[in-house]
Amino acid sequence: AWQRCGCSSSCRMVRGTLAFLLASVAWSEPVLPISIEAPPPPCENSQISIAEECPDGKSSGIAWGTFANELYLARSELFVTGPPSAVQAVLVLLQRATSNFSNAFECLPALMSTYFSLAHLLILQDRKRRALAMLQLGFIFVRDRGFSECTPWPVQGADMMLSGQALTARVHALDRESILDVEKTRREPGLKVAIVTICAYAPEEPVRNLCKENRQFYSALHGYDLIFFTDASEIEPNRHADMDVKDGVHKPFFWKVNAVKNVMDRGLHDWVLWMDCDAFFMDPERTIDSIILMYTGNQTAATQLPPEREEEPKALASLRQRVHPRPSTEVSLVFAVDSTGINNGVWLLRNSKWASDFLSRWWHSDILQGPGKEHNCSDQSTMVHTLLQDQALAMDDDWDSIEGPIWPPEVRVAAQEHLQSFHQATAESAMSRAWQDGDFIKHHPGCHYYRLPCQYLHEEA
């Protein structure tokens with residue numbers, strides 16, 4: 001069973017809710033008796049019409065009932081002419097549905113189904129990275145409203161989650177090859193790092209005070225600068241980038257983009273570590289420098305490119321030049337992913353031109369227009385879309401044959417234990433890593449600051 005809920009994937013499954021109940025029991029808080037309702041009758045999706053879920057698009061001009069039939073026919077090409085034809089047929093539909101990405105929010109299950117179908121077909125061709133990219137883009141539409149398990153569209157929430165979990169693990173195994181072994185106490189001489197957080201809660205809220213104490217202790221220990229905002233009024237508009245947290249368009253999720261851009265524009269720091277208010281440093285010995293060096297010290301991304309030979313085909317030599325460009329590409333953005341894609345509660349950004357341009361593109365995403373204007377988790381959706389959409393849909397058989405990265409070359413994906421692992425309930429519901437002793441940062445997405453069990457978890461951290 002799945003819930004319709006907020007930004008975090010942690011509240012999408014009933015077992016996440018049960019974990020919170022168990023947390024409150026462990027804390028010895030009185031819990032009211034829970035009445036267990038009888039399970040609903042089995043889903044009969046033949047009784048649900050496409051028009052019921054997706055009325056024909058006023059903005060997109062797409063007749064979603066016709067689109068659904070075309071999607072089934074495109075998928076069936078797998079059994080008629082094979083995976084390449086099926087991939088191309090589904091890709092054409094996806095390109096049409098996302099030609100104006102905001103309009104795609106008219107019919108969430110259509111986009112979930114189309115991205116998921118394409119991912120399924122790509123994995124049959126053993127194109128793991130591109131398949132995962134399609135799933136991560138498909139989860140944009142899950143984050144908006146959650147899953148509906150009883151639907152006439154060819155997608156089930158559990159299938160997407162399990163696929164995301166499996167593919168994330170396989171791709172992470174590839175990425176490990178490019179991670180450098182760095183002493184966790186390493187401090188790079190002259191490297192200037194700012195830790196930036198917004199905690200716009202009431203002064204008496206425990207999470208605000210605990211967060212500030214955690215940040216102050218850690219930053220003082222290693223000599224980092226702490227920039228701690230407590231209200232939108234403290235975040236100045238960035239006129240050059242046309243950013244203003246009070247513009248009436250961007251939800252509070254987006255304040256971080258304006259805040260980080262302001263910090264970078266001052267030119268005082270080489271790197272910025274963004275952390276949500278409910279994320280806590282857990283390993284005080286580990287430095288931010290060590291994470292930066294682990295993931296940016298090797299500027300060559302991991303691939304399955306074979307060793308260089310004295311004489312090799314031109315196509316292979318061309319791929320080698322793409323993997324090892326001269327000059328090399330400077331890594332500017334490091335984040336972690338879970339089974340549903342990016343959780344941007346914690347990320348590292350180099351003070352570079354690419355990073356500055358990225359923040360502007362993220363802020364001015366065209367998702368924030370039309371039907372997509374009010375969608376949930378808009379900061380995460382726009383981040384994924386800005387980084388991944390164009391590259392994922394630019395099919396490249398040769399690049400996929402060596403499992404070349406789909407993210408821009410300026411991006412590296414960190415292991416969760418090195419950047420942010422989750423509290424138990426979120427980890428279970430997102431099928432991702434739960435915090436373990438030794439992990440750098442513990443994040444509590446989906447655990448609302450005003451709930452007593454969550455306050456206990458924050459204080460425990």
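Colleague: Why does S178 count as buried?

Modeller: In this predicted model, where local features need pLDDT of at least 70, side-chain atom pairs count only at pLDDT 80 or more, and totals for chains, interfaces and linings use all residues, residues are numbered from 1 along each chain as its sequence is written. Side-chain values use heavy atoms, with hydrogens and water left out. The relative accessibility of S178 is 9%; buried means under 20% relative accessible area, exposed over 50% and partly exposed in between, with a 1.4 Å probe and protein chains only. S178 therefore counts as buried.

Colleague: Which residues does S178 touch, not counting those up to four places away in sequence?

Modeller: They are M294, N298, T300, A301 and A302, where contact means heavy atoms within 4.5 Å. S178 itself has its place in the loop between α7 (157–175) and β1 (193–198).

Colleague: What makes α12 and α13 oblique to each other?

Modeller: The axes of α12 (residues 353–363) and α13 (residues 378–393) cross at roughly 125° and come within 9 Å. Angles under 35 degrees count as roughly parallel, over 145 as roughly antiparallel, 65 to 115 as roughly perpendicular, and the rest as oblique. The two helices, α12 and α13, are therefore oblique.

Colleague: Which residues meet between α12 and α13?

Modeller: From α12 come W354, F358, R361 and W362, and these meet D379, T382, M383, T386 and L387 of α13.

Colleague: Where else does L387 make contacts, leaving aside neighbours within four places in sequence?

Modeller: The partners of L387 include L333, F335, I342, W407, P408 and V411.

Technical notes. Axes are lines fitted to C-alpha atoms, for helices over the stretch in contact, and angles run from 0 to 180 degrees between N-to-C directions. Helices (H or I, at least four residues) and strands (E, at least two) are DSSP runs, numbered from the N terminus.
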